[in-house]
Structures are given as structure tokens and as C-alpha cells.
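Keep the 3D view open while you read.

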Amino acid sequence: MKAISIREPGGPEVLEWVEADDPTPAAGEVVVDVAAGALNRADVMQRWGLYPLAPGTSPYPGLEVSGRISALGEGVTGWQVGDEVCALLTGGGYAQKVAVPAGQLLTIPEGVGLAEAAALPEVTATVWSNIVMTAGLKAGETLLVHGGAGGVGTMAIQIAKALGARVVTTVGGPEKVAQARELGADEAVDYRTQDFADFGPYDVILDVIGGDYLERNIRSLAADGRLVVIGLQNGLEGQLNLAEIVFKRVSVHGTTLRTRSKEEKAAIVAEVQKHVWPMIESGAVRLVIDRTVPLAEAAEAHRLMEAGGHTGKILLVNK
């Protein structure tokens with residue numbers, strides 16, 4: 001098979017289309033012939049050398065794919081060779097084949113194409129595990145989603161609305177404000193000209209930005225509010241007012257999906273299949289795909305992501 005390798009830490013030019021060994025499934029795994037994968041911010045961080053990999057993790061980037069099962073490992077039940085699936089990965093998705101634990105497989109939702117389904121596993125698992133399983137978002141509460149034009153943001157807006165929450169999101173520019181509102185956001189805040197704190201208080205904040213957003217996030221939370229930090233685009237440090245945390249009884253969670261155990265990921269995937277797939281099949285939640293790029297041209301896809309002009313997911317199609 002062929003895969004995208006990271007030659008050395010650096011810009012998109014370090015991504016190379018190379019020959020690689022075909023994976024073989026370990027016990028409890030399947031091999032998926034990849035139809036498509038999708039970009040995530042963690043892929044960019046890995047390319048820059050800023051995302052240390054756990055021992056045994058594939059050196060190839062890529063956290064989600066769709067495709068067809070081509071081999072079953074010992075002990076796998078409930079799946080057959082030829083089944084069309086999408087999958088949450090720990091790595092290795094930028095390749096023509098990938099081995100994945102069977103517990104991280106999902107069916108393809110009705111009405112969704114095979115390649116399009118690559119846009120689903122990482123964002124749906126990220127959103128559901130954080131706003132529901134960690135933060136406990138409930139109908140009638142208010143959610144603030146930072147980065148509402150990205151893959152996670154566009155999915156979080158829709159899932160939260162389907163749960164009956166009021167949704168506020170931050171985006172950059174009038175065009176993205178309109179797109180966020182079309183997805184269901186009750187308020188879309190242009191961070192270039194507006195302060196999201198003016199639209200609170202918030203019961204839950206999902207933050208992909210980090211850095212200097214921390215202080216304003218805490219200040220914007222309602223009593224018993226929950227802040228979930230899942231990204232560090234604005235840096236690793238921020239100020240924290242402990243008095244606001246104590247007297248408002250707020251909680252701060254830092255989470256990442258990639259480093260969770262296989263068992264934890266399987267539990268999240270099962271929740272997504274049970275709760276989010278019906279939302280997609282009913283039309284309450286839809287995929288937002290900015291564009292598709294051939295897998296061999298992953299470097300160009302990375303340039304597009306880092307330029308920041310996209311809305312939703314960028315797919316890598318195995319042609």
C-alpha cells in the first residue's frame with residue numbers, strides 16, 4: 001500500500017506519499033481498505049512535532065476513515081469482510097489500508113455516502129464525549145462553541161440544538177456568521193468585532209482555542225458552569241481567577257480523545273452510534289464538508305486547513 005509519511009517536523013512540504021507495509025489485524029482488530037479520511041487539527045500538530053505519540057501508535061497521521069473491511073483479526077464478531085464502515089483511529093488514517101480495533105468501528109448512517117462518512121467519527125465522538133458525557137449539557141441550557149466554522153464547531157452547533165440547548169458560537173467574519181446561523185446557532189459572534197462574554201452567561205463552553213481565552217471563558221460561565229478545553233490554538237497558558245471558580249462553583253475539564261484507552265473509545269463510539277446516528281439519519285444533523293482532496297495531495301489539504309478559510313471538514317479521498 002501507499003501512505004502519507006512525515007519526513008521530519010515542519011510545514012506541509014514534509015508530507016510524502018510513500019510505499020508502506022500492509023497492516024495485518026491483531027486479535028480484536030480489522031483491516032479497513034480506506035475510501036477516504038479527514039483532516040483534524042491534531043494532524044497538523046503531529047506534522048509540526050507537537051503531538052507526542054504513544055508507543056505502538058502508527059507513525060502515519062489520520063484519526064478517522066471510511067472504507068470496507070478487508071480482513072478480520074482473531075476474535076472479531078459482528079463484522080464481516082466487505083462491510084462498509086467508518087472508524088475512529090489512534091493514527092494511520094492517511095493510508096490506503098489501516099488496522100483498527102473493532103470497538104472503534106461504526107456503521108455508515110443511512111443517506112450518507114461512503115467517502116462522506118469519513119467526516120464523522122472524530123468530530124461526533126469529540127463533541128458527544130465532551131458536551132454530553134463530560135459536561136452533561138441538557139435541554140434548556142446555553143452552550144458556547146468556540147471555532148464554530150471548523151469540523152468540531154459545525155457538529156457541536158447541530159448536536160447541541162438537537163438536544164434542545166441554546167447555542168452561541170464564535171466565528172471570524174460575516175460569511176461565517178451567516179453559515180453558523182444557518183446550521184442553527186442562536187447567536188453567531190464575530191470575534192473580530194464582538195466579545196462573546198456579552199452573549200452569556202453560559203452553562204457549558206467547548207473551547208478549541210485555549211491560551212488567553214481561559215480568563216474570559218471562566219468569567220462568562222454561569223453558576224455551576226462547565227468549561228471543557230479540547231484545543232490549544234492560542235497557546236498553552238492563560239490566567240485563572242480562582243475566586244470565580246470557587247464562588248460560582250464552576251468546573252474546568254481538559255480532555256483529548258486520541259490518548260484514551262481502546263475501552264474508553266469503544267464506549268464513546270457506542271454512545272455516538274446510539275444517539276448521534278439517529279440525528280443524522282433524521283436530518284437534524286448534517287455533514288458539513290468544505291472540499292475533498294486526493295490522499296496523495298495531503299500537503300495541499302494541510303495548507304488549506306492552516307490558511308483557515310474552510311468551513312467544516314476537509315476530506316482526503318483515496319483515488
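## Around H310

Leaving aside residues up to four places away in sequence, H310 touches A149, K176, D290, L304 and M305. A quick heads-up before going further: this is a predicted model. H310 sits in the loop between α8 and β15 (313-317). Is H310 buried or exposed? Its relative accessibility is 10%, and the cut-off for buried is under 20%, so H310 counts as buried.

One of those contacts, L304, is worth a click too. L304 lies in helix α8, and apart from residues up to four places away in sequence it touches R291, V293, G309, H310 and I314. L304 can also be placed relative to P12, a residue 292 positions away along the chain: the C-alpha atoms of L304 and P12 are separated by 9.9 Å.

## Salt bridges

How many salt bridges does a search of the whole structure find? The search comes up with 13. Here are some of them, with the gap between N and O atoms.

| Pair | N to O distance |
|---|---|
| R216 and D195 | 3.3 Å |
| D224 and R249 | 2.9 Å |
| R303 and E300 | 3.6 Å |

Take the R216 and D195 pair, joined through their side chains in a salt bridge. R216 belongs to helix α5 (residues 213-220), while D195 is in the loop between β10 (187-190) and β11 (202-207), so this pair ties together parts that are 21 residues apart in sequence. Neither end is hidden away: R216 counts as partly exposed at 24% relative accessibility, and D195 is partly exposed with a relative accessible area of 26%.

Next, D224 and R249 form a salt bridge, with their closest N and O atoms 2.9 Å apart. D224 is part of strand β12 (residues 221-229) and R249 is in the loop between α6 (242-248) and β13 (251-254), so the link ties together parts 25 residues apart in sequence. D224 is partly exposed, and its relative accessible area is 39%.

The R303 and E300 pair takes us back to helix α8 (residues 298-307), where both residues lie. They're three residues apart, about one turn of the helix. R303 is partly exposed with a relative accessible area of 41%, and E300 also counts as partly exposed, at 37% relative accessibility.

Some salt bridges share partners, and in that way K138, E141 and R226 are joined into one network.

Now look at strand β3 (residues 29-38). Nine of its 10 residues are buried, so β3 is largely enclosed by the rest of the structure.

Which strands does β3 pair with? With strand β4 (residues 64-72), the pairing is antiparallel over seven bridges. With strand β6 (residues 97-101), β3 again pairs in the antiparallel sense, over five bridges. Then there's β15, also antiparallel to β3, over three bridges.

G37 has V65 as its bridge partner in β4, and in β15 the bridge partner of G37 is L316.

Rolling a probe the size of a water molecule over the atoms shows where empty space is left. Counting cavities of 30 Å³ or more gives one. The largest cavity has a volume of about 60 Å³. Its lining is made up of A119, V123, G151, T154, M155, Q158, R286, L287, V288, G312 and K313. Which helix supplies the largest share of that lining? It's α3 (residues 151-162), with four residues. By type, the lining of the largest cavity divides into five nonpolar, four polar and two charged residues.

The second largest pocket holds about 550 Å³ of space. It is lined by 31 residues, and the closest to its centre are G56, T57, S58, T90 and G91. The elements giving two or more residues to this lining are β6 and α7 (262-282). The pocket's lining splits into 15 nonpolar, nine polar and seven charged residues.

Definitions and conventions
Residues are numbered from 1 along each chain as its sequence is written. This is a predicted model: local features need pLDDT of at least 70, side-chain atom pairs count only at pLDDT 80 or more; totals for chains, interfaces and linings use all residues. Side-chain values use heavy atoms; hydrogens and water are left out. A salt bridge is a side-chain nitrogen of Lys or Arg within 4 Å of a carboxyl oxygen of Asp or Glu. Buried means under 20% relative accessible area, exposed over 50%, partly exposed in between (1.4 Å probe, protein chains only). Contact means heavy atoms within 4.5 Å. On a 1 Å grid over the protein atoms alone, a cavity is a set of points where a 1.4 Å probe fits but cannot get out, and a pocket is an open set with protein on both sides within 12 Å along at least five of seven lines; lining residues have an atom within 4 Å of a point. Grid points are joined across faces, edges and corners, and a volume is the space filled by probe spheres set on the points. Ala, Val, Leu, Ile, Met, Phe, Trp, Tyr, Cys and Pro count as nonpolar, Asp, Glu, Lys and Arg as charged, and the others, Gly among them, as polar. Two strands pair if DSSP finds at least two bridges between them.
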